[in-house]
Amino acid sequence: MRFTRRTFLQVLGGTAGAAVVAKGQLSSKVGLAAQDIERWATPEEVMVPSICQQCPGGCGLMVRTHDGEVTGIAGNPYHPINRGSVCPKAFGGLQILYDNTRLKGPMVRAKERGQFQPIEWDKALSMVTSRLSELRSKGLSHTVLILGGQYRGYRDNLWRRFAEAYGTPNYVRVRCFSPEKPALAHYLMQGVTSPLSYDLSKAQLILSFGASLLEAWLGPVHAAQAFAQLRRSSERPRGWFIQVDPRRSPTAIKADRWIPIVPGTDGMLALGIANAMIREGLYDRDFVEKQTFGFEDWVDDSRQPHMGFKNLVLRDYSLVAVSAATGVPVKSIIEIARSLATIKPAVVIGERGPAYGPDDLHTRMAIHSLNALVGNIGVLGGLRIQGDLPLASLPPIRRDEAANRGLAQPRIDGAGREQYLLVSDTTQLLPERIMNGTPYPVNMLFLFATNPLANHPAKQALRSAMKKIPFIVSFSPFLDDSSAMADLILPDHTYLERWQDDPVTHLAGFTSFSVARPATSPLHQTRNTADVVLQITKTQGGTVAESFPWKKFEDVLHQGVHGLYAAKRGYVVSTTSEEESLRKVLERQGYWVPEFQDYDAFWNALVQRGAWWDPTGFPESSKALLKTASGKFEFYSSAFKRLVNEAAKKEGKDGRFMKTLGVEQRGDLLYLPAVTTPPTEENDQFPLRLNTYRLLSRPVGGGGNQPWLLEQPAVHVRASWESWVEVHPETAATLGIQEEDWVWVESEKGRIRVRAKFYTGTRRNVVHIPLMGRGENPNPNDLIANEPDIFRGFGLFNTTRVRIRRA
């Protein structure tokens with residue numbers, strides 16, 4: 001906007017010199033100013049498709065721009081994930097873009113950590129590339145550690161590719177959700193290597209164990225639309241929804257039935273429900289008999305007898321015992337079992353972000369067993385699998401001897417070894433191993449899309465460990481807790497300023513691939529980190545440079561997307577009527593009809609509309625979902641047994657993996673969904689159980705710098721802006737606490753000061769604190785103990801005990 005008050009005064013001002021300006025010159029300036037006023041009054045409006053990056057949902061956006069400046073955000077009506085709808089988090093993208101605390105360009109550390117001064121991009125990149133070259137020339141490429149956060153797609157592909165070509169095994173992800181990967185329980189019981197999807201929109205009954213479907217699960221918008229179809233559909237009767245949760249969350253409030261449960265006993269309840277189904281003959285006998293293994297007792301090839309799931313459940317998980325452990329009445333357990341048997345199709349969800357507890361894997365296996373009992377594997381309204389996206393393969397990675405030597409080294413985080421054999425990333429161990437230099441010192445650290453000092457369960461130890469790393473590079477657009485520890489900050493664009501992609505294969509009924517171009521030019525001297533990685537590889541030369549033949553990230557996307565065009569299936573999203581006509585042609589003629597003459601036309605349409613999707617190219621039969629050695633759903637996991645046998649051969653029966661799992665003590669129970677009895681609740685010093693949760697209006701890993709979202713009220717306790725702790729009124733009365741009092745919530749690890757909010761929708765011995773994101777609010781993660789988590793490698797979130805007292 002060139003016309004300003006100063007321009008106006010310059011043109012029409014009454015200075016003495018202005019009086020002698022030639023008449024023609026003055027008219028010319030006035031004419032230009034008038035044109036600017038007209039442009040100002042009628043700016044060019046362009047809607048640019050984009051992708052929301054506030055959570056793993058992958059919703060499509062339409063970004064409203066005026067003369068190239070972002071002025072609004074709405075949902076993309078064409079996008080199959082959200083169909084034009086968005087949750088409150090989407091609008092926070094504007095405040096991320098225009099946040100005045102954003103870093104304006106590269107920053108280099110001054111004398112002390114946390115103090116920075118500007119540096120030119122060329123000099124900053126020279127610092128990075130020279131250190132990378134030096135480490136590689138000394139045979140120390142493996143001492144480079146890359147920590148990545150919550151993202152997927154080609155950005156993940158680039159970092160993984162860089163790690164392999166350069167020669168470091170240490171590309172470690174810091175995340176609670178991995179929707180693009182199959183859950184470990186699903187892999188062990190079904191053998192799948194692609195993520196399973198819960199077909200919520202076609203289900204008639206949804207039984208959810210703690211998954212906050214309508215708040216902060218994998219994608220609240222898509223889940224809410226599926227929930228709407230469950231509730232109101234002209235094609236079928238109204239569905240039924242049961243939520244198992246220690247807290248009466250918004251999801252539980254919307255449920256037909258809320259089942260309050262003792263935290264950490266979800267697996268016990270699942271096995272109690274299985275007991276009732278088996279005793280009353282309510283399970284799907286045809287599916288269980290023909291397509292499962294390990295339900296009945298069995299004898300192996302060496303004539304050793306093994307207990308089956310049926311007798312395990314009947315022997316060890318009686319309804320009375322389960323009720324005593326979980327706090328759920330026997331009557332409720334039986335009613336849930338009967339509902340699963342009579343309302344079809346039914347689906348059982350047991351995948352939420354935080355771990356259930358120390359027996360997390362077997363808890364998830366126990367919950368997943370209910371899906372087999374109701375026979376919903378590979379059916380509409382049950383569990384489905386979508387397959388891989390037909391993206392074009394990128395050129396093979398070139399590895400020289402230096403890369404091979406580096407990749408042969410053990411990982412710094414210990415993932416895939418000893419007691420963490422089943423874990424792909426073990427961020428929990430990083431503080432100790434970096435501090436001790438185990439198995440070797442870390443000489444360089446990259447931080448991308450993660451702020452581990454905000455959410456790591458041992459963040460003080462991690463802070464101390466980071467001080468031992470000679471050179472830290474952060475790509476954060478903000479000076480957060482972790483980037484403040486860096487030696488160099490190369491700020492990334494925000495997601496409205498860069499090219500990006502988002503592949504989705506974990507939602508039932510379709511696969512999709514979203515592409516977003518920049519909605520606006522960069523506001524500051526920032527760069528797309530993907531482009532920076534490509535630039536860094538060029539300076540390394542040799543096989544590293546050869547493995548990255550692209551000049552910019554857009555070129556990577558353009559090459560990969562060609563596979564979607566060549567696959568001759570799926571469609572670039574369009575209006576509902578156009579998609580319906582294409583689908584009718586497919587059904588009538590029996591083959592796919594091309595929409596574009598060539599790839600350039602396909603690419604341009606994809607960039608203009610925002611996404612490609614395939615609602616037809618997925619397998620339907622249960623066989624496609626049963627990839628185990630037996631070809632069946634395995635109550636007794638042969639894959640788990642094989643992993644344990646391989647570990648025993650490698651490290652012996654006294655190895656750490658064997659001891660941690662308790663292989664000798666548990667025997668066959670290790671390979672069955674046998675949940676151990678939870679510890680007793682008595683603890684005089686810390687009598688309350690802590691549960692943390694995420695609000696619908698809080699992004700994953702942040703939000704403290706988005707005032708619009710902080711202002712969104714939590715209506716159940718009439719609160720916004722500041723954090724709080726939810727306490728049952730009767731519990732508060734025994735502690736002498738009034739509503740709105742400032743209180744200290746203390747654990748063995750630390751304490752935080754928050755307001756007390758009374759809430760009857762909780763068990764009396766459980767308190768709840770929301771995760772508010774960065775900002776001035778206290779962080780409940782400061783209370784959570786760093787307990788071993790051998791199945792996820794991140795830490796146990798739901799086992800911490802606390803006490804409360806007035807501040």
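Start by selecting valine 675, which sits in the loop between α26 (663-666) and β25 (688-693). The model on screen is a predicted one. Buried or exposed: which applies to valine 675? Its relative accessibility is 7%, below the 20% cut-off, so valine 675 counts as buried.

Next, show what surrounds this side chain. Beyond the neighbours within four places in sequence, valine 675 is in contact with Gly267, Met268, Leu271, Tyr317, Asp359, His362, Thr363 and Ala366.

Now move to aspartate 199, in the loop between β8 (196-198) and β9 (205-209). Aspartate 199 has 2% relative accessibility and therefore counts as buried. Which residues does aspartate 199 touch, not counting those up to four places away in sequence? Select Leu380, Gly381, Gly382, Arg384 and Ala508 to see them.

Backbone geometry comes next. Select lysine 344 and proline 345 and display the peptide bond that runs from one to the other: this bond is cis, and omega is near -5°. Proline 345 is in the loop between α13 (330-342) and β15 (346-349). Then go to threonine 438 and proline 439, which are joined by a cis peptide bond with omega of about -5°. Here the loop holding proline 439 is the one between α16 (430-436) and β17.

Two stops concern phi. Aspartate 67 is a residue other than glycine, yet its phi is positive, near 50°. Find aspartate 67 in the loop between β2 (60-66) and β3 (69-75). With a relative accessible area of 27%, aspartate 67 is partly exposed. Arginine 303 is not a glycine either, and has a positive phi of about 65°. Look for arginine 303 in the loop between β13 (298-299) and β14 (305-306). Its relative accessible area is 73%, so arginine 303 is exposed.

Switch to a cartoon view and select helix α19, residues 529-540. This helix has 12 residues, and the distance from its first C-alpha to its last is 17 Å, close to the 16 Å expected at 1.5 Å a residue. Show side chains for Thr529, Ala530, Val532, Val533, Leu534, Ile536, Thr537 and Gln540, the buried residues of α19. What do the buried residues of α19 pack against? Their partners are α4 (121-137), α5 (154-166), β17 (444-448), α20 (542-546) and α21.

Follow that last partner for the final stop. Select α21 (residues 553-566) together with α23 (residues 599-609). Two packed helices are described by the angle between their axes and the distance between the axes. For α21 and α23 the angle is about 110° and the axes are 10 Å apart. The two helices are therefore roughly perpendicular to each other, and α21 passes α23 in a right-handed crossing.

To see the contact itself, show these residues:

- From α21: Glu554, Leu557, His558, Val561, His562, Leu564 and Tyr565.
- From α23: Tyr599, Asp600, Phe602, Trp603 and Leu606.

Colour this selection by residue class. How many residues of the contact of α21 with α23 are nonpolar, polar and charged? The division is eight nonpolar, two polar and two charged.

Notes: Residues are numbered from 1 along each chain as its sequence is written. This is a predicted model: local features need pLDDT of at least 70, side-chain atom pairs count only at pLDDT 80 or more; totals for chains, interfaces and linings use all residues. Side-chain values use heavy atoms; hydrogens and water are left out. Axes are lines fitted to C-alpha atoms, for helices over the stretch in contact, and angles run from 0 to 180 degrees between N-to-C directions. Helices (H or I, at least four residues) and strands (E, at least two) are DSSP runs, numbered from the N terminus. Angles under 35 degrees count as roughly parallel, over 145 as roughly antiparallel, 65 to 115 as roughly perpendicular and the rest as oblique. A crossing is left-handed if the near helix is turned anticlockwise from the far one by less than a right angle, and right-handed if clockwise. Contact means heavy atoms within 4.5 Å. Ala, Val, Leu, Ile, Met, Phe, Trp, Tyr, Cys and Pro count as nonpolar, Asp, Glu, Lys and Arg as charged, and the others, Gly among them, as polar. The expected span of a helix is 1.5 Å times one less than its number of residues. Buried means under 20% relative accessible area, exposed over 50%, partly exposed in between (1.4 Å probe, protein chains only).
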